[in-house]
Structures are given as structure tokens and as C-alpha cells.
Amino acid sequence: MKKLLLPAIAVSLFLNPCKAQTEITRWQDGKKGAVSITWDDGSINQFKVALPLLNRFKFPATFFIITGQIPGSQYQGKFIGRPVKEIIGETATVPTNKANLFERASAASYLGLVGPMDYYYNAGSLVDAGKTDEAVKLIDELYKKVRNGEFKPGVQHNPEYMDAHGTTWNEIRKYAAQGHEFASHMITHPRLAILDEPNMLYEMEKSKLEILNHLGARYTFSGEGPFGTENERVMEYAYKVYPALRNRMPEPWLKEITRGNKSNPGNTDKEYIQFQRGATTKTPLPMMKAWVDTTVNKNNTWLVLTIHGVEGIGWEALPKQELDEYFTYIKARQKNLWVATFGDVTRYMRERQSAKLQAKQVNGKITVSLSHPLNKAMYNVPLTLKTYIPKKWKTVKIVQDGKSRVIKPAVALGEKGAYVLYQAYPNSAQITLSGI
């Protein structure tokens, strides 16, 4: 869903002479808030049922996909480390402790047995909850049962991995071309908090490389550690792999309200609020609509919706009818809401916060220079500028990179006089505005 260059939105009446003042609006197109619709796991009904709905409403969405199960993927789940038989043998004489917990937990899913994965998942949940001592006991119990032959041979995958089957890289490329973002949810949907360093990095880095190989560099921007983990050790690694993480995104100008935090946005001295909410089968639709209302009624809030299953497939699957009604509710308020992918909203905020802007009026024209120090290949979302114009300008011609547009101004009341809203690309040619 490619943006057209330099769309105009509004011009206001003015009372005072123009001083070539220009600012970057908080959200694209001067909207009051932003909404990102994100999906976890990549289960098939997200694409068969939800994606056509999204396209009908012209909503670009972000899909965090489990890459290992997609046909044609080079990297599948595996254990990186010593032979598992050696680890099993060692557990007979060396009890599990905090020093060997992560290695043993990492190996648990790759013992060729059905059952150990459940222990690994539960132990990972305990570590995420800060209960490492309990996780140690659980992994010790697991390996005692392994040595006693209490598990049947076989291959076991987690439910999220199994539900994610059904789509292909060719189909994903088609969906990406329609404007949707695809991002990493790791290779196997692991409990990252209980993996040792080699296995954690394998899940993160190889999932990113898989996406790079199939979709290109633009789709390696965002990532999500499964289960919404906020484990500090995990985040330390993940920040080095993915520029944007839905788990946590510490910025001095961003107030984060993550999925597990029941707080509402409230007041803050920060420029932005990320208001992350998980829509499940237990979430009343009126509450989901209230999240949207909150975003509309403030001017600094980014609503990040997290959805999983659709129409009976996937965790906490929402029915199509409910999604249709909810998207209709958002669409009716789109005049005040910028609906964009998780990655694009992140790019916009970071570009705006780091941008350098200069404007001056000379010889009857206004020139604007716009730049930022971020990686230009990765941060390339246009910013919306608000430039105040002279009273006599009845229409405005805006030129950047040889592309121009003549604007027939609408009329709106502004405190500082008449202004135009338009989009401009940072680190590109100077923007020129002239009256006609």
C-alpha cells in the first residue's frame, strides 16, 4: 500500500504574517493517533479469513510468523550443542542447577521423545515469571524420567508451530506486495527465556536470515519473542538482532504499556505512548472498541493490537464476524487514526524524534530541508510536515525530487495562521513551496 508523494490535507485561515514555520506532525497525515493490527504465529485462517478482511478495509497489518514450519525454509528447529546422550548421562551424577539449566532445557525438545517439550515449555514459563529455582526442579525431574525410560520415542512440536502450517513463501510474498508486513516470531515459537546463548541466537538470527532470503531486508526490521517475553536476558540479545521488538522497545520518549500491563494510557510527559492490548476470546468487544476510543481521544497514543487465532484455528481464535465488526468500528474513525504496520509506525516515530528540520522564506517561496541520522535504507517512511503559508497563497505548489503537486487548499482554523499538511521524504532533495 504505497503512499503517494506529497498529498495535501488541510489549510487554515491565518491572522498573522507567515514566518516560514514548519513542524513535523506527531502522526502521519496529522492524525490524532495510530493503530497497528498485529498477528502472532501465522496460522492459516489469518490468511484465508482475516487477510481478505484487512484488504477490504485497506488496513495494512503485521504478521509475526514462525519460519521453521513454512515449506522451503532452510532453517528448522534443532539443538546447538553437545550430543544429547552426553547431556542425559551427565544428569545422572550432576543435578540440574542454574549453571546448566539453560543447556539442558535447550536440549529437552530434541531428545527424540514425546513429553519432554511440555516440561521445557513449563520451565520456560517459570523463568519468564522469575521463578528460576522452580524451573531447575522441573528440568531435573524431566531428565530423571528420561533416564527411567518414561517417555515414548517420537517427534513433538508445540501447538503454535502445528497451527501455523498451511501457507507458503510464495503466498507470503504475494501478501507482502499487498502492503502487509511480515516479521519474525522465531523458528519454532520457543520459550526464549530458558534457552542458552547458542540456541537463543540460532532461533533469532536464522529466522531473520530466512525472512531476508525470501522477502528481503525490509522485512527483517520487526520481531516478536513468543509469549510476549520481557525477560531482560532475552531482550539484551534480541535488541542486537531486531531494530523493533513488540516485546519491549525502550525509548526515552516512549511510554510502554505492554500486553500484560492492565493500565490505561493516562497522562505522561513522554511524546508517545505504546498501548498494547491482546484481543482474545475472553475480551468483550465493547472493551476492544474502548481501546480505539481511547486512542482517538488522545493525541499521543499508538494502539498495538495483538491477535492470534481466527475462526477456530490458533490460540484464542476470534470469529470472523467479530473481526468484521471491529474493523468496521476502526474504519469509521480512520479520519483521526493512522492505521499502519508495526514497523512503519516505529520508523515514523524514530525518524520524527531524530529529525533535523530547517525552513525559510525567500523571494516569495518557502524552502524546507529535512534529514535524520538513522540508517537511510531502513528508515525511509515519509514524514508529514505542517508549514504555515502567506495569506495570499490560494493554492500551493509543493516540489521535492522533481515531483510536484498543486494543492487546492481546504479551509480550517489554526492558531498561527494558514498552513498546509504534506508528506516529505527525509534525506532527500529540498522541499519547495510556492503560492499560485
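Me: Which residue in β21 does Thr367 stand opposite?
Reply: Thr432. Bear in mind that this is a predicted model.

Me: How many bridges join β15 to β21, and in which sense do the strands run?
Reply: There are 4 bridges between β15 and β21, which covers residues 431-435, and the two run antiparallel.

Me: What about β14 and β15, how many bridges there?
Reply: β14 and β15 (residues 365-371) are paired over 7 bridges, in the antiparallel sense.

Me: What is the strand order of the open sheet of 5 strands?
Reply: The order is β14-β15-β21-β17-β18, with antiparallel pairing. At the edges are β14 (356-362) and β18 (403-407), each of which pairs on one side only. From one strand to the next, the twist averages 15 degrees.

Me: Now the open sheet of 3 strands. What order does that have?
Reply: That sheet runs β2-β16-β20, and the pairing is antiparallel. Its edge strands are β2 (22-24) and β20 (419-424). On average, neighbouring strands of this sheet are turned by 25 degrees against each other, direction ignored.

Me: How many bridges join β16 to β20?
Reply: 6 bridges, with β16 spanning residues 383-388 and the two strands antiparallel. Within that pair, Leu385 has Tyr422 in β20 as its bridge partner.

Me: Which strands does α12 lie across?
Reply: Helix α12 (residues 342-354) lies across β2 and β16. The helix runs at about 45 degrees to β16.

Me: Switching topic. What volume does the second largest pocket have?
Reply: About 520 Å³.

Me: Which residues lie nearest its centre?
Reply: Arg259, Lys262, Gly278, Thr280 and Trp315 do, out of 23 residues that line the second largest pocket.

Me: What classes of residue are in that lining?
Reply: The lining of the second largest pocket has 10 polar, 8 charged and 5 nonpolar residues.

Me: Which element gives the most to the lining?
Reply: β11 does, with 3 residues. At least two residues each come from α4 (116-128), β11 (272-278) and α10 (285-297).

Me: Last topic, α8 and α9. At what angle do their axes cross?
Reply: Roughly 35 degrees, and the axes of α8 (residues 197-215) and α9 (residues 232-241) come within 10 Å.

Me: Is the crossing left-handed or right-handed?
Reply: α8 passes α9 in a right-handed crossing.

Me: Which residues of α8 and α9 meet?
Reply: On the α8 side they are Glu197, Met200, Leu201, Met204, Glu205 and Lys208. On the α9 side they are Arg233, Val234, Tyr237, Ala238 and Val241.

Me: How do the residues of that contact divide by class?
Reply: The contact of α8 with α9 has 7 nonpolar and 4 charged residues, and no polar ones.

Technical notes
Residues are numbered from 1 along each chain as its sequence is written. This is a predicted model: local features need pLDDT of at least 70, side-chain atom pairs count only at pLDDT 80 or more; totals for chains, interfaces and linings use all residues. Side-chain values use heavy atoms; hydrogens and water are left out. Axes are lines fitted to C-alpha atoms, for helices over the stretch in contact, and angles run from 0 to 180 degrees between N-to-C directions. A crossing is left-handed if the near helix is turned anticlockwise from the far one by less than a right angle, and right-handed if clockwise. Contact means heavy atoms within 4.5 Å. Ala, Val, Leu, Ile, Met, Phe, Trp, Tyr, Cys and Pro count as nonpolar, Asp, Glu, Lys and Arg as charged, and the others, Gly among them, as polar. On a 1 Å grid over the protein atoms alone, a cavity is a set of points where a 1.4 Å probe fits but cannot get out, and a pocket is an open set with protein on both sides within 12 Å along at least five of seven lines; lining residues have an atom within 4 Å of a point. Grid points are joined across faces, edges and corners, and a volume is the space filled by probe spheres set on the points. Two strands pair if DSSP finds at least two bridges between them.
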